[in-house]
Amino acid sequence: MSNPFGTSANAAVVISPLAEVTATSQRLKRELDALAVTSDQKSSYQAARAKLRDSGLLGLRVPREMGGAGGTQEHVIAVTRILARADAGIAQLLQPHYGFTDTIALLPSAQARHRLYQDVLNGERIANAASERGGKHSADFTTTLVPEGEGYRLNGRKYYATGSIGARWITVIGKGPHGGQTLAYVPTDAAGVTLQDDWNGLGQRGSSSGSLILDAVKVPKDYIIPLWDAAHRARAWHESGRLIHAAIDLGIAEGALDWGAHAVATDQRIPFESPYRLLAEDPVLQYQMGIVSARVRAVAALLTETSRLLDAVQQQDAASLSALQAALEATKALAADVSLSVSSEVFSWSGARAADRALRIDRYWRNARTHTLHDPVRLRYQELGRSLIADAAPTFSSTHQDPQP
C-alpha cells in the first residue's frame, strides 16, 4: 500500500501541503459516498474501513523524524470534516486514531514507539477504550492495570470502544497502581482480548463502538503510560479530540446541505399550491437555504480558526491557551447545533419524498443526533459564558470603581 503522506524513516520528509491532503480526502469521500447507502442499509462497514486504510491518511500525524508527514491539526480537522460529509461514522474512527498517534511520543520505549509508528504508516488504526457502564459517569473506571513481572496485567470491560473493530491497536485507560489513571497500548489480537461488535446506536454505525472485554491481558511496560493525568491529556489528546468531534458535526451538516441543494436544484416536482415552475425558483426556499448556508459557513470559519489556535498552543504558544479554550467551546457548541438543525431541515425542502427509506437521508440526522450526545451542548455554552465573566471581572473592576463617599 502506498502512503502519500510519508516515506521511509531514513528519507527527508516535507509536510504535505493542505491542498494535497484535501485532494486525497476528497477522493476518499467520493469512494465513501458510493458505499454510504449500502453500508447504512446493511450496517456493514468493512469496505469503507478498507478504503480508509488504503488512502494513506492514517499516517498523517506520524512525526517527520519517524518517516511520516508531521501533519498539523489543521490538516487533521480538514480530513475529518471532509470524510464526515460522506460517512460520519467512518470519520469518527479518526478521532481516537489521530489522538493516540499523538500520544505514542509519550511512551518510554523507543522500540515501542517505532513499532507503533510503522504500523500506522502501514495503514493500521489505533482505537480507544475508555468509557464504561455502571459507574457514576463514563470515566468512573473499574478496569485495572496491575504491575506484574516486567509489565502489567489488565482486567476490565469497556463500552463505546470507538474504532475497535478492524483496528490493530487499542488504547485502554484504567486505574493504575497508585490510584490515578494509566494508559496502555494493546494489540487487538492479544491473548485475553475479546472485541464484541455490539454497538447498537441509531446512528454512527460505522464508528465500530462496540464492547471490549479484557481478561488478564499481559501488557509489556514499554507500552504503558503510567500516569495518564490532565497534563498528559492536554498535551496530546484532549483539545484535539474535542475539535475533531466538532469537525464531524460540521461535516454532517455539510453533507446534508449538499444533498438538499442537489435535490432542490434537480427536482422537477413542485408543491400543489406553488406558483413557481420549479422548486428551485421558490424565493422562500432560497431564503431558507441561504440562512442554513450562512450558518454552516460561519461554523466552518470558526473551526479553521480554532484548528490553527490548537496548532499554535501545541507548538508551545502558551499565551494562546485561553483563546483556544474559548474558541473550542464555541466551535463545539455551534457545530452541534448546526449539525442537528441542517440534518432535520433538509427533509422539508423536498417534502415527503425525502423520507423514503431507500434514500437513507435520515442517516445524516441519525448520525448527528447520536454523535452530538458525546458532549452536552449546554455545558459548552455554560463554560463559555463563565469564562467570559471571569475574564471580564478584573478589567471591569479596575475601570469602573465605586464612587468614594
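## Basis

The model is predicted: local features need pLDDT of at least 70, side-chain atom pairs count only at pLDDT 80 or more, and totals for chains, interfaces and linings use all residues. Residues are numbered from 1 along each chain as its sequence is written, and side-chain values use heavy atoms, without hydrogens or water.

## Largest cavity

The structure holds 2 cavities of 30 Å³ or more. A cavity is a set of points, on a 1 Å grid over the protein atoms alone, where a 1.4 Å probe fits but cannot get out; lining residues have an atom within 4 Å of a point. Volume is the space filled by probe spheres set on the points.

The largest cavity has about 50 Å³ of space. Its lining includes Asp40, Asp87, Arg205 and Arg363. Helices α1 (18-42) and α11 (362-371) each give two or more residues to this lining.

## Second largest cavity

This one has about 30 Å³ of space. Among its lining residues are Gln73, Tyr98, Asp102 and Ile244. α5 gives the largest share, 4 residues. The second largest cavity lies between domain 1 (19-231) and domain 2 (236-391), because both give residues to its lining. The domain bounds come from an automatic or database assignment.

## Threonine 306

Threonine 306 lies in helix α9 (residues 283-314); helices are DSSP runs (H or I, at least four residues), numbered from the N terminus. Threonine 306 is buried, because its relative accessibility is 0% (buried means under 20% relative accessible area, 1.4 Å probe, protein chains only).

Its side chain makes a polar contact of 2.9 Å with that of threonine 331 (a donor and acceptor pair of N or O atoms within 3.5 Å).

Terms used
Buried < 20%, exposed > 50% of the residue type's maximum accessible area, 1.4 Å probe, protein only. 1 Å grid on protein atoms, 1.4 Å probe; cavity = no way out; pocket = protein on both sides within 12 Å on 5 of 7 lines; lining within 4 Å.
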